[in-house]
Amino acid sequence: MAHSDDHAAVAFVIILLVGLGLGLGSTVTYADIRKCFQQKKLGLMIGTWLHLLILPIVALTYSKIFSIKGNLFIGLILMASAPGAALSNLVTYKSNGDVSLSIVMSGASTFLCFGALPLLVYIYLGLVQPENVNVKIPYKSIANSLLILILPCGLGVTIRTYRPEYAKVTEKVGSYVGVLFLLIYVIYEGATSRYLFTRGFGIWWSSITLQPVGTLLGSFVAHILSLEVKQQRALAIETGTLSPAVIITLIQLSFSTQDAEEISIPSVLYTISMVWNSYLIILVYNAIDRYYGKHTDPNSIEISDSSSPPEEKANQFYRKL
């Protein structure tokens, strides 16, 4: 997806987002969405803003450690300033997190991007490298991303609310289609971006660790705020999981073809690493659930329902800390 006329990659992304949106929307109801605004205001507010506050600072720190300059610096800062991605909803679902909160945070984050992205560009590029302040913000692309996220999710939520008997089908079909096209997209990116292998360790490390570092920092903040475990997971995953599509579009609109290829390197590396990073995050959270499911001391934690799932036992364990 290094070129603006790469229609195949765009098609993969659209099908991916529609599939994930429909599948994950089918796991929640309108009552769950309302609950996010009524009872989870703190998690929603912090989760929407947190990645915009944390990840650009992480990227700036990496640039100092590895002496990343010029076009690669621009690309890294832009990638760290991206809105949340729909993939965070899938990772949250597979990690036994709060899916409804994740969906609302992703939508709010994308909407917030209309104002936050120009501000972040000005702060981190306009002040650090003033010659780059005239970056064009792809408002149309951001709006399209918001629609592609909201419409399929809305359809899925409607099905779950009014036709729950069909929700399991749309959940499985949508999720499977989304995952399939995610794999196709990553393989496509790897096969068409061989120039990446000529780059140094610093830009590779900085790009592929943005997601896990963001998730770890988000988890720390959520734990400090004493949110419920499901909300902690949704917030942590939302903090680290960004949308490269918006940034790649921004790069194509703002820079010459020659510069765009180099500036897009952090975004492409981030995109390729999203698969194994997301899978690792899911493995870690599921391992935590299995551990607390097997090692919870029934004498130290009062379980009101012996059939409570492992993640609920973990939740009760955290409350005792």
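Which residues form one aromatic cluster? Hi everyone, the answer here is Y62, F66, F201 and W205. Before we walk through that, a word on what you are looking at.

This is a predicted model, where local features need pLDDT of at least 70 and side-chain atom pairs count only at pLDDT 80 or more, while totals for chains, interfaces and linings use all residues. Residues are numbered from 1 along each chain as its sequence is written, and side-chain values use heavy atoms, with hydrogens and water left out.

Now the overall picture. The protein has 15 helices and 0 strands; both are DSSP runs numbered from the N terminus, with at least four residues of H or I for a helix and at least two of E for a strand. Of its 321 residues, 54% count as buried, meaning under 20% relative accessible area, with exposed being over 50% and partly exposed in between, for a 1.4 Å probe and protein chains only. The accessible surface comes to about 14,700 Å², and 65% of that belongs to carbon and sulfur atoms; the areas come from the Shrake-Rupley method with a 1.4 Å probe, and for residues only the protein chains shown count as cover.

Back to the rings. Searching the whole structure turns up 4 aromatic pairs. Rings of Phe, Tyr and Trp (its six-membered ring) pair if their centres lie within 6.5 Å; planes under 30 degrees apart are stacked, over 60 edge-to-face, and the rest tilted. Y62 and F66 make a tilted pair, 6.1 Å centre to centre with 40° between the planes. Y62 counts as buried at 10% relative accessibility, whereas F66, at 28%, counts as partly exposed.

F66 also pairs with F201: the ring centres are 6.0 Å apart and the planes sit at 75°, so this pair is edge-to-face. It links distant parts of the chain, with F66 in the loop between α3 (41-65) and α4 (70-80) and F201 in helix α9 (residues 201-208), 135 residues apart. F201 itself is exposed, with a relative accessible area of 57%.

One last stop: S273, in helix α14 (residues 265-295). Is S273 buried or exposed? S273 is buried, with a relative accessible area of 1%. Leaving aside neighbours within four places in sequence, S273 is in contact (heavy atoms within 4.5 Å) with S207, I208 and Q211.
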